[in-house]
Amino acid sequence: MFENVQAAPADKILGLMMQFREDPRDNKLDLGVGVYKDSHGDTPVLAAVKSAELRLFDSQKTKAYVGVQGDKEFCAEMASLVLGDSVSMDRARICQAPGGTGALSILSMLIGRTAPDATVWLSDPTWPNHMPLLKNARLKTQQYPYYDTKNGKLLFDGMMEALSAAKPGDVLLVHGCCHNPTGADLDLAQWAAIADLCLEKGLLPFVDFAYLGFGDGLEEDAAGLRLLASKVPEMLIAASCSKNFGVYRERVGAAMIIAAAPAQAEATFTQLMSVTRAVYSMPPDHGAAIVRMVLTDPHLKSEWITELNDMRNRMLKLRSGFAEALRRESNSSRFDFIADQRGMFSRLGIAPEEIDRIRADHGIYIVGDSRINIAGLPDNRLDEVARAIVSSIE
Ligand SMILES: Cc1ncc(COP(=O)(O)O)c(C=O)c1O
């Protein structure tokens, strides 16, 4: 069976990480990595998470299966964190999923099962795993223009124009906030226009919500998604807890279905549960139990919010500091967009040979599409990194 199998194409980001590990230079810097880093370059366990974990260790009495939906209290807490009161909860059904990727995958398979002819429209560019997971669900895909990398600008008019070709029943995949890889987000007026478009054309919005709290705040980051949810009859949401709770390896996420009426939500949810039953049967418990404990304990929740605010404020400070350093070094406003964008990522908009030069000459590792992880910037080296970049692109 395996004698004619060709190796899958190498994952570029993982390849870069390997090259970084082997680089002997002391001052090397990895801006390609996809996790939050603090000012020491670490990705620590949050204190609120650690406390919940210790409590869980003491109180847990069984390792029996959690059931196909997962932890119901976790699901209810996630629904209120993400949706607020934008939608009547009897029209919503939520299940726990193994990370945002797990939620995206099972929801994509649900689309494949219930609307196999639908085309899923996704942004160009988008998170590199969207396309493969939609293909795994055997869905048709098309991309809409989203971002002009050269000028650091959102292409909203181009996006809306491309979407005018979408057919009723097609699916519109959008990033809830902190767009990966561009950091360019929709404003509220644009979310409202998207809601109108979905209503007008009968499109199903599918929101990938992986960075809640990493942009401007928990409420602010959810505002666009909630506006959309308050207007459309049906919607899918894949939420991740990997970044905002720092529980990457525990695989915690939630898949949400909103339907026009409670009975439709319930019927669709049974299909989703039948998808998950066949793929992984039951979700893992540990990470979701921790998130549930943090969200239901007022003390832990407020500790978590403080830690989340600290992560976000660090990234906002790095954004403005780095944009300023680049302005000074380049004597231009070319990189000012970095200060206006949100979340962990931005694209520098520089050429592949410039990226190679920055790596070779300065040991700074940047992904081939020029995406950098803002959180990977060391606070005390902004000028040095800006100088290295500017000297390599002139
Ligand atoms: C846009 C986007 N969606 C989903 C995910 C998936 O996150 P998780 O690690 O929870 O599967 C990521 C992670 O990098 C992401 O950037």
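Predicted model: local features only at pLDDT ≥ 70, side-chain atom pairs only at ≥ 80, totals over all residues.
Seven strands make up an open sheet of mixed pairing, and their order across it is 2-10-9-8-7-3-4. Strand 2 (92-97) and strand 4 (140-145) are the edge strands, each of them pairing on one side only. From one strand to the next, the twist averages 20 degrees. Within this sheet, strand 8 (residues 204-209) and strand 9 (residues 235-240) run in the parallel sense and are paired over four bridges, and Asp-208 stands opposite Ala-238 in strand 9. Helix 6 (residues 156-163) packs on the sheet, where it touches strand 3 (119-124), strand 4 and strand 7 (171-175), and the direction of helix 6 makes about 145 degrees with that of strand 4.

**The pockets and the cavity**

| Space | Volume | Lining by class |
|---|---|---|
| Largest pocket | about 1100 Å³ | 19 nonpolar, 11 polar, eight charged residues |
| Second largest pocket | about 370 Å³ | 16 nonpolar, five polar, one charged residues |
| Largest cavity | about 40 Å³ | five nonpolar, two polar, one charged residues |

The largest pocket, with a volume of about 1100 Å³, is lined by 38 residues, of which Ile-13, Trp-127, Pro-128, Asn-129 and Arg-371 are the closest to its centre. At least two residues of this lining come from each of helix 1 (12-22), helix 4 (99-114), helix 5 (130-136) and strand 11 (345-347), and helix 1 gives the most, with four residues. Both domain 1 (12-44 + 301-393) and domain 2 (49-296) contribute to the lining of the largest pocket, with at least three residues drawn from each.

The second largest pocket holds about 370 Å³ of space, and among the 22 residues that line this pocket, Leu-204, Glu-234, Met-235, Leu-236 and Ile-258 are the closest to its centre. Two or more residues of the lining are given by each of helix 4, helix 7 (188-201), strand 8, strand 9, strand 10 (253-258) and helix 9 (262-279).

The residues that line the largest cavity are Tyr-36, Thr-43, Pro-44, Leu-46, Lys-243, Gly-246, Tyr-248 and Met-311. As with the lining of the largest pocket, that of the largest cavity draws at least three residues from each of domain 1 (12-44 + 301-393) and domain 2 (49-296).

**A pair of packed helices**

How is the packing of two helices described? For helix 2 (residues 47-59) and helix 11 (residues 298-330), the axes come within 8 Å and cross at roughly 150 degrees. On the side of helix 2 the contact is made by Ala-47, Ala-48, Ser-51, Ala-52 and Arg-55, which meet Leu-300, Glu-303, Trp-304 and Glu-307 in helix 11. Sorted by class, the contact between these two helices has five nonpolar, one polar and three charged residues.

Key
Residues numbered from 1 in each chain as written. Heavy atoms only, no water. Pairing = 2+ DSSP bridges. Axes fitted to C-alpha atoms, helices over the stretch in contact; angles between N-to-C directions. Contact = heavy atoms within 4.5 Å. 1 Å grid on protein atoms, 1.4 Å probe; cavity = no way out; pocket = protein on both sides within 12 Å on 5 of 7 lines; lining within 4 Å. Points joined across faces, edges and corners; volume = space filled by probe spheres on them. Nonpolar A, V, L, I, M, F, W, Y, C, P; charged D, E, K, R; others polar. Domains from an automatic or database assignment.
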